[in-house]
Amino acid sequence: MKFGKEFASQMVPEWQYAYMDYAYLKTLLKEIIRFKQRTEPPVTTPAGLKRSLTMYRAFSGLIHRHGHVGHVKSPNNAAAGGDIEDQVILVKAMKSEKSYSDDGNYQSNFLMSAEEGGEYELLYFRRLDDELNKVNKFYKDKVDEVLKEANQLNKQMDALIALRIKAENPNMDSVYEYSNRNAEMSHLASDVAATSAALNASTPYRARSTKVHMEVIEEFLLNNRGNLNDSSADRDVNEPKTTNSSVHEERPDGIKASRPAPLQILGRVKLHNTLETPRSTIKGILKVSKNRELNHKHLKKVEGQLKRTFIEFYQKLRLLKSYSFLNLLAFSKIMKKYDKITSRNASRSYLNMVDDSYLGSSDEVTKLMERVEATFIKHFSNSNRRKGINILRPKAKRERHRITFSMGLFVGAATALLVGLILIIRARNILNKGGSTLYMETMFPLYSLFGFIVLHLFLYGMNIYFWRRYRVNHPFIFGFKQGTELGYREVFLISSGIAVLALASVLSNLDMEMDPITKEYKALTELVPLALVCLVVGITFCPFDIIYRSSRFFLLRCTLHSVCAPLYKVTLPDFFLADQLTSQIQAFRSLEFYICYYGWGDYKYRTNNCKDNDVYKTFFYIVAVIPFWFRFLQCIRRLFEEKDPMQGYNGLKYFSIILSIIMRTAYSLNKGMVWQVLAWITSAIAGIVSTYWDIVFDWGLLQRNSKNRWLRDKLLISHKSVYFGAIILDCLLRFAWLQTVLNFEVSFLHKEAMIAVVASLEIIRRGVWNFFRLENEHLNNVGKFRAFKSVPLPFNVDEDEEKDEDK
């Protein structure tokens, strides 16, 4: 793989515009190559070689006449042991007068701009300087951010340790006993600052800067290609390896460990009331006081929050280290390409400047990683280094061949079963038999449930495939735990597995009905779809670590948050799942039919009396609006929390959809001109508003002043026609409800089959919506360089009291 593609693949997706623009610099080098090919004929004769030497001496004399500093090697020097291509050093590295820790700019001085075509190389170095300054500033800003977060984590750890001691010994109030017990506690940012200050005072700048040599980095990447995030890449190439399992901390003489805070710190902190759970939400609404004294009951909750905070903080440090590593390597690669193209020896001077920059010489991130590892291992993994490191550095998920094989096997089996089902229906002319209508009214709604699920999972797998292809960081957006997220192969495996079970049960059911031996066991054959539903539900709730337990529990947790929408803090996975549920209205109605068909005993006689029951009709309304009600409550919760009026408008959108569904359902059950007019009006309003919201707000398209007319400034898909096609498709599928109002029928399709087709069109629309919705979310993250999850801290430290005590 070429370095340019490898460089792009290893980028943090949300920081892609903060990396060195390697592709653009390559285009500038290509311009230099094209110019040289146009102006420099090949040297094939002694006369041509003589002219080249004459031009070389003329340019060398020009440099000396202009007074530039440089070492010139003449042909005589080359004959004495030098190389004729070792020309004058063309780059004079210049650094601003500010120290490397300030936001100073770095500038190179190109000495040969007077040459023919020198303007191309001058432009190259100007753009190269801009990239260096951009990368350097971004890296320093991010390091400053993590240093501030480290200071906050210091205070959080002081409070946690004090809470642990109080939980173990409630009567322990001695500050000295507390200090002796925790004297070895290593702080994060304070230790980094103290160590850096000691080194600055005792060694010169050139000696104390941790320079990363480009040749070593290149060799390191070759040995660890494609695995920059592994544990081996987290250690500096010049850093000695730790051989024992314990964590040691070295300090310069005169630097003492920060004394842990006294036990009285618990009097100055209180727990954050984040209103993330039903209990905390209800207490927040009822204004229940949260200023009571901390005790051991809060310890487990605090430890869990701080553990997650340390894990996320460590991931930030790893990303920053990878960012520095990749950019240093990119500068090395691009300068080597420049030297090769121009036959100059400019890389050494420029890379020295890169080494002296904050990006190449700062070691705060490495020190912070060591402090975080030491603290996490000691306080969250019971001093077990291997366990702690495995938690901090989860291994990337590997693609397994057995998943691909199993997926192919199930897809082939599902295809074979579907073809067999079609052949059996055609061969035995089942659709024209007397019992076909009864079968479509009873068994088809039962089995169509699995069709809706399989279709939705298939489209979700397709979304994952295209998200990965266009580098949409969906695991970060959804908040999946690294290494547990499902890939498109796993999703296809699940969907094809469900399809095989459903099709096999349909075939078995048909065979039992046609076989004279088993035909009389009608009640038993009707239980096949119920058994399949119980199997799927049982696997979903199975507590054992089988069939992707982490993903199943994540789905169940998001479902619980959606069902209890006003009581839980709304996150993106929660409202994204609720949006998926709004496209599965017919699946919810199929579940209602399951309860009616089997609960009231209709399955014993294969009859359908559900639609004549008033209770069933009432729930036919309720079931259809439940998913939209969940979204409405989520919007209300976000409106009160975020004070964003757009959430209120979004809530009104879902309320209009609820009204339209009620009116359409009433018309389908009762008929009549009044219900038809109301269904038309409410459905038209809801359809227009929802379509506009999908395209403008959820997808971020139809922007007038965009660089891409009627789209948005940034697009992941290069073909703009895809976006316009998606807009048209969304508009058409949004109005699939017209079939309900117009009573549109197809002669060769049963009414239940027509309902299933319309429901499938809505699921397809949702699948298209999913891709562009997450694309827009990803681009928002890219625009804000948001690559980290924000984990709320458990303690609220009173800063004013701390300042007063320090005085």
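A residue is called buried when its relative accessible area is under 20%, exposed when that area is over 50%, and partly exposed in between, with a 1.4 Å probe and protein chains only.

Good morning. A word on the source: this is a predicted model, in which local features need pLDDT of at least 70, side-chain atom pairs count only at pLDDT 80 or more, and totals for chains, interfaces and linings use all residues. Residues are numbered from 1 along each chain as its sequence is written, and side-chain values use heavy atoms, with hydrogens and water left out.

I begin with the chain as a whole. Its secondary structure comes to 31 helices and four strands; these are DSSP runs, numbered from the N terminus, with helices being H or I of at least four residues and strands E of at least two. The accessible surface is about 42400 Å², and 59% of it belongs to carbon and sulfur atoms; such areas come from the Shrake-Rupley method with a 1.4 Å probe, and for residues only the protein chains shown count as cover. Contact means heavy atoms within 4.5 Å. Among contacts in the protein chain with a separation of 6 or more, 76% are between residues 24 or more positions apart.

Let us turn to the interior. A nonpolar core is a set of buried Ala, Val, Leu, Ile, Met, Phe, Trp, Tyr and Cys residues joined through side-chain atoms within 4.5 Å. Which members of the largest nonpolar core touch the most other members? They are Trp15, Tyr124 and Met335, out of 73 residues. Apart from this core lies another, of 36 residues, including Tyr439 and Cys610.

Leaving aside residues up to four places away in sequence, Tyr124 touches Ile334 and Met335, among others. Ile334 is found in helix 11 and counts as buried because its relative accessibility is 0%. The C-alpha atoms of Ile334 and Leu128 are separated by 9.3 Å, although these residues are 206 apart along the chain.

Next, helix 15, residues 385–392, has the buried residues Arg385, Gly388, Ile389 and Leu392. Why are they on the same side of helix 15? They cover an arc of only 95° around the axis, and therefore share a side; the arc is that of the directions from the helix axis to the C-beta atoms. The buried residues of this helix pack against helix 11 (299–342) and helix 14 (364–380).

Most residues other than glycine have a negative phi. Ser343, in the loop between helix 11 and helix 12 (347–356), has a positive phi near 60°. Arg471 likewise has a positive phi near 60°, and its place is in the loop between helix 17 (436–469) and helix 18 (474–478).

Finally, the surface. Met673, Val677, Trp680, Ile681, Ile685, Val689, Leu742 and Phe744 make a nonpolar surface patch of about 760 Å². Patches are made of residues with over 30% relative accessible area and no salt bridge, with like charges joined within 9 Å and nonpolar side chains (Val, Leu, Ile, Met, Phe, Trp, Tyr) within 5 Å. A salt bridge is a side-chain nitrogen of Lys or Arg within 4 Å of a carboxyl oxygen of Asp or Glu. Helix 27 (residues 673–698) gives the most to the patch, with six residues. Val677 is found in helix 27 and is partly exposed, because its relative accessible area is 39%.
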